[in-house]
Amino acid sequence: MVHKNFAAALLAATVGACSQIPETGSSPDSESQQTQETSPANNLEISSPISTEAAPPPTDIWERLRRGFRLNHRTEDPKVQDYIAYFSRNEGYMSRVTERSRRYIFHVAEELEQANMPLELALLPIVESAYDPFAYSHAQASGMWQFIPATGRSFGLQQNWWYDGRRDVHESTRAAVKYFKYLFERFDGDWELTLAAYNAGEGTVRRAIERNRRRGRGTSFWEIKLPRETKRYVPQLLALAEVVSRPEHYKVPLHEVANEPYYARVNVGSQIDLSQAAELAQIELDELYLLNPGFNRWATDPNGNHHLLIPVESLERFESALEELPVEQRVTWERYSIARGDTLSTIARRYQTTISAIREANKLRNNNIRAGKTLLIPSASGPEGQYAYTVDQRVKQRQATGQGQRSSYTVQPGDSLWAISRKLKVSVKELAHWNSMAPGDTLRPGRTLVAYNGGAGSSNRTTRKLSYKVRSGDSLYRIANKFSIKIDDILRWNKIPKSKYLQPGQRLTLFVDSAHNS
């Protein structure tokens, strides 16, 4: 997750780290690992005869990344080994995340190469978000690079009702590269400390370095004391890079991705209904949203970013059709007769737009309106459900995933997530999860929250005690996922520390839902 502590002119912002790759359960107890020393002799290589011909360009993105890898992957480090083993065992996960990256990773590599940065960084969105541009963490981090709001703004990522630049694939990648450059300079060209600071915050890493320096100890990433997630974060990336370096050796399937552009960036020049844009390009609306996840609603921001990412193969078709479409026809307009008691706020909510958009469309100087007058309202051309990736639709989809008896609550002025969780008798974490929120998010009066009671403990379900024998290749994550339970619960039930290895043949006591098919 991107969270930072800028000196002087830049903004300080610190939040807990967020990593999308589960714990392996087999990390060693020691939190430090000596850096590997190499002598000049160890760096000598036997060279092939110099060729006058340039190497042909790579045909797939993975070969391109390999040619641009520059970091020491530290394959002797136990934590790196743990994650190499995890990726090797989870072929399905690697296949899914590399498939998900296919729209974006070429363009990420382009930005990194232009900035002369190691291409291992193109794999960082796997660690941060599993290359999901819609990812949202408990710490309010969003997008495939997981920027928190304040840091996003400090790097020029706009965030408003219509648009969130933290999810914009193009803009967030440019911001991440700028941030890498800033941190790289702050940490004197040390990429491991740079990555640690990207995850834990510049201030956290700098304080850890200063503590060791005062005690006469080493100040490398492997020697300083950092939060647990950060100590795992860098090894995760190094392990990923190692696996991508030798996928056949580690028997890891990488989804085939051509070394060529997937999309082109087009300046539309005005607000446009995304459904209409998809029709112009002759692509599915979902595909357009996956390329343009920064747009929160059914249309682009009327006053902001007018760029759209369009698949390369559809570019000419889109530009030709767009040129023939007048600006005033790019969104649908409805005539609304103002009723007694109406306000711009209630009208904007009804039509999924903003007060400023209505004021601009009707050239209103303020928010005063009169019953009987008519307003022009920009509105979606299709049904609400057609825009499946809007913020509202994604929240509704998440709200429908709970188990047990569903209850709802309308947020009142002065409410907090904690107070509502007490009323609904659920945890803050659960309530936030069901409603696609982070625990620290601001609540808007009038919003409807849902909660579920009696999921695993309802009258038609019971919890049963199970003795589970650990098998070769098992990890805490794998067992927790198999039985739909939490890693922390396994540790608590069996009184074992997180850092302890699981041994084949070891017996674990588990309490699982009787409805779970084991």
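1. Contact here means heavy atoms within 4.5 Å. On that basis, among contacts in the protein chain between residues at least 6 apart in sequence, 70% join residues at least 24 apart.

2. The model is predicted: local features need pLDDT of at least 70 and side-chain atom pairs count only at pLDDT 80 or more, whereas totals for chains, interfaces and linings use all residues. Residues are numbered from 1 along each chain as its sequence is written, and side-chain values use heavy atoms, with hydrogens and water left out.

3. The protein chain holds 21 helices and 8 strands. These elements are DSSP runs numbered from the N terminus, with helices (H or I) of at least four residues and strands (E) of at least two.

4. Of the 518 residues in the protein chain, 51% are buried. Buried denotes under 20% relative accessible area, exposed over 50%, and partly exposed the range in between (1.4 Å probe, protein chains only). The chain exposes about 25,600 Å², of which carbon and sulfur atoms supply 46%. Accessible areas come from the Shrake-Rupley method with a 1.4 Å probe; for residues, only the protein chains shown count as cover.

5. The whole structure contains 16 salt bridges, a salt bridge being a side-chain nitrogen of Lys or Arg within 4 Å of a carboxyl oxygen of Asp or Glu. One of them joins the side chains of Arg 67 and Glu 63, at 3.3 Å from N to O. Both residues lie in helix α1 (residues 61–67), 4 residues apart, which is about one turn of the helix. Arg 67 is partly exposed, with a relative accessible area of 45%, and Glu 63 is partly exposed at 27%.

6. A further salt bridge links Arg 64 and Glu 113, whose closest N and O atoms are 2.6 Å apart. Arg 64 belongs to helix α1 and Glu 113 to helix α4 (residues 105–114), so this pair ties together parts that are 49 residues apart in sequence. Arg 64 is buried at 8% relative accessibility, whereas Glu 113 is partly exposed at 39%.

7. Asp 164 and Arg 166 also form a salt bridge, with closest N and O atoms 2.9 Å apart. Asp 164 counts as buried at 7% relative accessibility, and Arg 166 is buried with a relative accessible area of 6%. Elsewhere, salt bridges that share partners join Glu 63, Arg 66 and Arg 67 into one network.

8. Glu 316, Glu 319, Glu 323 and Glu 324 form a negative surface patch. Patches consist of residues with over 30% relative accessible area and no salt bridge, like charges being joined within 9 Å and nonpolar side chains (Val, Leu, Ile, Met, Phe, Trp, Tyr) within 5 Å. Lys and Arg count as positive and Asp and Glu as negative, with His and the chain ends not counted; the place of a charge is NZ of Lys, CZ of Arg, CG of Asp or CD of Glu. Glu 316 lies in helix α14 (residues 315–323) and is exposed, with a relative accessible area of 68%.

9. Thr 173 sits in helix α7 (residues 169–186) and is buried at 4% relative accessibility. Leaving aside residues up to four places away in sequence, Thr 173 touches Val 108, Glu 111, Met 144, Trp 145 and Asp 168.

10. Gln 352 occupies the loop between α15 (344–350) and α16 (355–362) and is partly exposed at 22% relative accessibility. Gln 352 and Trp 162 are 190 residues apart in sequence, yet their C-alpha atoms are 9.9 Å apart in space.
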